[in-house]
Amino acid sequence: MEPKKSKFNNSFLKYSTYIISIGGFLFGYDTGVINGALAFMSKPDQLNLTPGLQGVVSSSLVLGAFFGALGCGRIADKFGRKQTLRWIAALFTISTILCALSMNFLFMSFFRFALGLSVGAASSLSPMYLAEISPEPVRTINVNKNAIFIVLGQLSAFCMNAFLGNIWGNWNPIWRIMIVSASIPAIILWINSFHIVGSPHWLLLKKRFKKARKLFSKLGFEKSTLDGIEQESKTKSKKDDDISWKSVLKKPSLVYLLISGILIALIQQISGVNTVMYYGTILMEKVGMGQSGSLYANILIGLVSFVASIFGTRLIARFDHHRMLLIGLFGNILFLALLGLVLRLSLFTQTITNALVLIFLALFLASHQGIVSPVTWLIMSEMFPGKIKARFMSIATATTWITNFIISLIYPLLISAVGTAVVFFIFAASNGVSALLSIFVLNAKEIQRAYRKNDLMSQESN
């Protein structure tokens with residue numbers, strides 16, 4: 001068994017897996033860094049942002065991510081996964097530097113939108129890319145690395161914000177240093193993207209069978225798997241090479257898969273997790289923590305999320321994905337409801353209230369980042385057939401970002417209108433809706449298995 005295990009964990013595959021996962025790290029870092037930077041850039045002598053403008057600055061990245069995710073599939077299909085990742089890394093670097101140099105609200109919003117294009121593209125490409133280069137025994141583990149790196153990126157951003165904010169907190173332009181620090185991992189990704197493996201599945205789509213077989217073998221795929229994949233690709237008719245949206249909509253099984261993917265994406269976002277990621281510092285200042293305490297509290301929350309993501313992804317690899325999703329959603333409901341009660345009832349002193357808020361926020365993020373987020377990315381990366389995988393993955397990922405955009409845009413206004421406690425109750429209810437929606441998705445896996453065996457294709461063509 002040992003030789004087989006080492007084959008599935010060869011250094012070539014490991015190296016490529018970690019480099020591709022840097023895309024997830026940048027996703028987490030760029031969405032997390034605004035958490036601490038926003039308070040500094042909002043000061044009157046900086047960008048002078050009102051709550052409404054804070055929402056626009058935060059959500060401009062998310063809107064860009066929607067378009068980045070939506071367009072990534074076509075580009076990845078045309079130019080390849082490796083080339084697309086290299087372009088994403090270059091865009092990450094350039095737009096990050098321009099954000100740090102922004103002199104007013106308009107420039108910041110525009111460059112954050114450009115940065116969002118790379119964030120959205122990376123969020124769509126990285127899990128799909130990892131799934132395509134990974135043999136079945138290590139596929140779940142490798143795809144989950146991307147989810148872990150997202151949380152690690154957020155934790156790194158929180159640590160950098162706290163370090164810079166507490167040492168140079170009296171220097172208001174410190175937010176520029178916070179933001180430009182994200183260019184370092186982006187440059188690392190760009191340099192190393194020249195040396196990673198391409199996707200053998202993309203080579204099959206381009207009918208480059210000899211090179212695909214060689215790459216499959218180098219990555220540790222079984223010979224029987226190689227023969228099956230290659231035979232299936234060769235027997236596809238030319239008509240199947242480019243499946244149009246018109247033909248997709250005529251197949252109920254594919255429409256069901258697409259709707260299921262969109263629902264999985266919605267489930268991930270309507271939990272309210274990204275409001276904590278983006279506005280955590282401002283949120284904790286509102287409940288009574290100071291600027292310094294809020295920055296340090298973010299580190300604790302990020303650390304709990306990171307540890308939870310490591311243990312959660314191991315559980316996901318061992319147990320049924322849909323069951324784990326339900327467990328995570330019920331955890332979200334419980335901890336968000338407790339947060340709302342603590343803030344609404346005001347039964348404790350300020351010190352105890354702060355401690356309870358911190359504990360329940362950490363537990364909520366542990367539940368979401370440890371279970372809900374990685375399992376939803378994993379399901380989306382696995383549930384779509386090869387020919388339309390990139391396009392369907394783009395639509396599902398774009399759904400996460402447009403939902404994220406709407407929530408991020410209205411969150412500051414919602415807090416001002418109804419208060420923090422009510423907002424937590426609203427998100428607890430939305431997680432309840434997610435649990436109900438997940439029931440609709442339970443059959444998607446069965447349809448996928450049937451599709452892989454070509455049962456549905458043959459039934460619908462008769």
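The following exercises with worked solutions concern a predicted model.

Local features require pLDDT of at least 70 and side-chain atom pairs pLDDT 80 or more, whereas totals for chains, interfaces and linings use all residues. Residues are numbered from 1 along each chain as its sequence is written, and side-chain values use heavy atoms, without hydrogens and water.

**Exercise 1.** State how many helices and strands the protein has.

*Solution.* Helices (H or I, at least four residues) and strands (E, at least two) are taken as DSSP runs, numbered from the N terminus. On this basis, the protein has 21 helices and 0 strands.

**Exercise 2.** Determine whether Thr-93 is buried or exposed, and identify what Thr-93 touches.

*Solution.* Step 1: locate the residue; Thr-93 lies in helix α4.

Step 2: apply the cut-offs, with a 1.4 Å probe and protein chains only: buried is under 20% relative accessible area, exposed is over 50%, and partly exposed is in between. Thr-93 has a relative accessible area of 13% and is therefore buried.

Step 3: list its contacts (heavy atoms within 4.5 Å). Leaving aside residues up to four places away in sequence, Thr-93 touches Ser-183, Ala-186 and Ile-187.

Step 4: examine the side chain, which in Thr-93 reaches the backbone oxygen of Ala-89 at 3.0 Å.

**Exercise 3.** Identify the helices that each supply at least two residues of the lining of the second largest pocket, and the one that gives the most.

*Solution.* Step 1: the helices are α4 (81-101), α9 (200-205) and α10 (209-219).

Step 2: α10 gives the most, with 4 residues.

Conventions. A polar contact is a pair of N or O atoms within 3.5 Å; within protein, one must be able to donate a hydrogen and the other to accept it, and residues adjacent in sequence count only if both atoms are side-chain atoms.
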